[in-house]
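User: I've got this one open in the viewer and I'd like to walk through it with you. Could you take my questions one at a time?

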Amino acid sequence: MTTAPDLLAALNPTQAEAADHYTGPALVIAGAGSGKTRTLIYRIAHLIAHYGAAPGEILAVTFTNKAAAEMRERASHLVPGADQLWMSTFHSAGVRILRAYGEHIGLRRGFVIYDDDDQLDLLKEVMGSVPGIGPETSPRVVRGILDRAKSNLQTPADLDRAYEPYISGIPKDAAAEVYRRYEDRKKGQNAIDFGDLITETVRLFREVPGVLNAVQNRAKFIHVDEYQDTNKAQYELTRLLASRDRNLLVVGDPDQSIYKFRGADIQNILDFQKDYPDAKVYMLEHNYRSSARVLGIANKLIENNAERLDKTLRAVKEDGHAVVFHRATDHRAEGDFVAEWITRLHALEGRRFGEMAILYRTNAQSRVLEESLRRVQIPAKIVGGVGFYDRREIRDILAYARLAINPSDDVALRRIIGRPKRGIGDTALEKLLDWARIQGTTLLEACARAADDRILDRGANKPVEFAQLMAAMSDAAENYEPAPFLRYVIETSGYLDLLRTEGQEGQVRVENLEELVNAAEEWSQDHDGTIQDFLDDAALLSSVDDMRTKQENKGTPEDAVTLMTMHNAKGLEFPVVFIVGTEEGLLPSKGALVEAGGIEEERRLFYVAITRAMDRLFLTAAENRMQFGKTNAAEDSRFLEEIEGGFDTVDPYGQVIEYRAKTWKTYRPTVPVTPSAVKNTSPMTEGMAYRGGEKVRHPKFGEGQVLAVAGMGERQEVTVHFPSAGTKKLLVKFANLTAV
Ligand code: ATP
Ligand code: MG
């Protein structure tokens, strides 16, 4: 075990100063890779080792459960008692607090957490009856409105009072009414949604000071990583928690704020000193992660943002490898280029696959990349996307489990009552539902009483049997460990028999269910908890969390290339990074163009992506990309022009060529070419410019392919790759090229 003075020796002087911060508010504000997270971990260790704080009074909030687990692991190497530390995400902290104290604000034991899909199901139910909401209204849009309202701590009444008459195209009073009914129904089902995990905790703290005080005893020293991406609700939660002891240390980088679309407010970090005038501020100015070249382009890029806090970030590492840019003919060629380089780095430089990551803007881009990697047998694991826990069979079995724990969960009941078929039709279900509403009870209770209370004329025994099945499951939930319980559910529900009739596809689903039981088993090895706790954890998994990633990639070797979105890469680092799709419409995304501050947010996202790279960085774009089933010509991202000079452009053969921005504006000039200017050019160029990809013939070098074109008329210059002679840059005027 290290002694106190040694601990800080692993930090630079400013980091050490921040890690030595004892009481009162503090802000560590610094660029990417400057050791913010590292400083935070050392500060926690130092608090314990040097200042004698108890691990049981320290809280650290991070972005993912995975990050929290890693932090605990790293701290455990520095000081004893790390298992006592409270390290979690905002959402997990909310669950823990509400499970312990929720009854003070009317939450009953066994409440369930609705995820995005459950939310949609319930919204669809309530939307239909609200005036002003037409059938064309998308439940997803409404869900977006509700989520944002919750991030901003707004109630239905606040929406009513909104300044604008419409919110996301929906009349504000209609939106408020849906919100109100949704909340009512949710409450009746003893459920809370994701947003509630924060807002209900805030309400609890405000309404019950005794609870706040009790939680404050468990959180005398509070840390928040990635503070730039907190929303108003999280901000308020932090503020309340810190209000008694005021030992709050937050770290963040305003240049890495990338969750505005989910309600994150960059102002929270920028206003920290206003909120806490006595706050100590620590600025870290050295980047330990990236090569000087990589950092160079990151710095150059982010300087283009007008709205930013200027800060210094210098590389500690040497220049390193050149940053490579490659423009492929289409998205498939782009994938192949990446696969080829991965193979090369693996074979020639001995890089492990696990050291490499491919980052993209949208999940949809992953499919083609996966295919390219598979063709050359590169193992890959995908983080995020349509994941394991989103699969139908997994959600169904978890819905059974939820209903077993919480008989009020009508959303779960409606999901599973027909899987497998139990002879309870829609009409019967409607009748049961009506009865439940009138009696003010649950759908499950209506099932149980279907015969006795003559709710149904015919087939009343079916719902009764279902209710009996669920009663048995509730018993099992009380008495079994999570894994055997889930196995029990899978077998007794009749679900397994159902899948066995579904042929090959059913077999895959059966395997997934086995994997679910394995996941529960593994979970139990690390946690001392009930099925309820397992369900909570499963609901809270973010796309970058280990438990999720592992189940989603079963069968993939440990040493695999990581594929993930740029958003998911936040806080992580990889020796080799490929950023694909650096094109207009992807990065920046189409949506960003029409949103205020959209471009700046996309630039920050690109900044995050670039700064994940330690040694090697590759940027790629495609000239033609298939999107929504159509292939379109693509332009280089405007951001490439901003970092021009910081990278080398290479052709498909790996040869360095000069970068020329490829915008179709350059290719289809609006300035007409004057006759005098084309007088001496070869016939094929008359009146038009060459285009990349075109085949041409040269008198001496033979056939080749145009890679890049620059300039117009007399000065037009083409870069052509000749298989026989290599890549040549030629002045069109003298080259005597002919079209092939
Ligand atoms: P991000 O903004 O991406 O979250 P960060 O500021 O949190 O980055 P860290 O992840 O803490 O940065 O550190 C980046 C890398 O630099 C890590 O590999 C870390 O171990 C290393 N590092 C940070 N400070 C030092 C130091 N003083 N000495 C050696 N290595 C360091
Ligand atoms: Mg960090």
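This is a predicted model: local features need pLDDT of at least 70, side-chain atom pairs count only at pLDDT 80 or more; totals for chains, interfaces and linings use all residues.

User: Leaving aside neighbours within four places in sequence, which residues is Ile44 in contact with?

Analyst: Ile44 is among the residues with the most contacts inside the largest nonpolar core, which has 136 residues. Skipping anything within four places in sequence, the contacts of Ile44 are Ile58, Ala60, Ala75, Leu85 and His223.

User: Which helix gives the largest share of that core?

Analyst: Besides Ile44, the residues with the most contacts inside the core are Ile397 and Ala401. The largest share is nine residues, and they come from helix H18 (residues 392-405).

User: How many residues are in the other core that lies apart from it?

Analyst: Tyr259, Val383, Ile579 and Tyr659 are among the members of that other core. Its size is 66 residues.

User: Ile579 makes me curious about strand E17 (residues 574-579). How many of its six residues are buried?

Analyst: Let's start with the strands beside it. E17 pairs in the parallel sense with strand E14 (residues 356-360) over four bridges, and with strand E18 (residues 613-627) over five bridges, again parallel. E17 is mostly covered, and its count of buried residues is five.

User: Is Phe639 buried or exposed?

Analyst: Phe639 sits in helix H30 (residues 638-642). Leaving aside neighbours within four places in sequence, Phe639 is in contact with Leu301, Thr582, Leu587, Arg603 and Phe606. The cut-off for burial is 20 or more other C-beta atoms within 10 Å. Phe639 has 24 such neighbours, so it counts as buried.

User: What is omega for the cis peptide bond that joins Leu587 and Pro588?

Analyst: Leu587 has its C-alpha 8.1 Å from that of Phe639, although the two are 52 residues apart along the chain. Pro588 lies in the loop between E17 and helix H28 (590-593). For the cis bond from Leu587 to Pro588, omega is about 5 degrees.

User: Asn190 and Gln377 have positive phi although neither is a glycine. Which counts as buried and which as exposed?

Analyst: Phi is about 55 degrees for Asn190 and about 55 degrees for Gln377. Asn190 is in the loop between helix H9 (172-188) and strand E7 (191-193), whereas Gln377 is in the loop between helix H17 (366-375) and strand E15 (380-382). With 8 C-beta neighbours inside 10 Å, Gln377 counts as exposed. Asn190 has 20 of them, so the buried one is Asn190.

User: Which domains give at least three residues each to the shell around ligand 1?

Analyst: The shell has 17 residues, and the closest are Gly35, Lys36, Thr37, Arg38 and Tyr288. By class there are three nonpolar, nine polar and five charged residues. Helix H3 (residues 36-49) gives the largest share, three residues. The domains that each give at least three are domain 1 (7-99 + 199-284) and domain 3 (303-384 + 554-666).

User: And which element gives the largest share of the side of domain 1 that touches domain 2?

Analyst: The centres of domain 1 and domain 2 are separated by 32 Å, taken over C-alpha atoms. Their contact takes nine residues from domain 1 and six residues from domain 2. On the domain 1 side, the elements giving two or more residues are helix H10 (194-207) and helix H12 (232-242). The largest share, three residues, comes from H12.

Key
Residues are numbered from 1 along each chain as its sequence is written. Chains are lettered from A and ligands numbered from 1 in the order in which they are written. A residue is buried if 20 or more other C-beta atoms lie within 10 Å of its own, exposed if 12 or fewer, and partly exposed in between; C-beta atoms are placed from the backbone. Two residues are in contact if their C-beta atoms, placed from the backbone, lie within 7 Å. A residue is near a molecule or strand if its C-beta atom, placed from the backbone, lies within 6 Å of it. Ala, Val, Leu, Ile, Met, Phe, Trp, Tyr, Cys and Pro count as nonpolar, Asp, Glu, Lys and Arg as charged, and the others, Gly among them, as polar. Domain bounds come from an automatic or database domain assignment. A nonpolar core is a set of buried Ala, Val, Leu, Ile, Met, Phe, Trp, Tyr and Cys residues joined through C-beta atoms within 7 Å. Two strands pair if DSSP finds at least two bridges between them.
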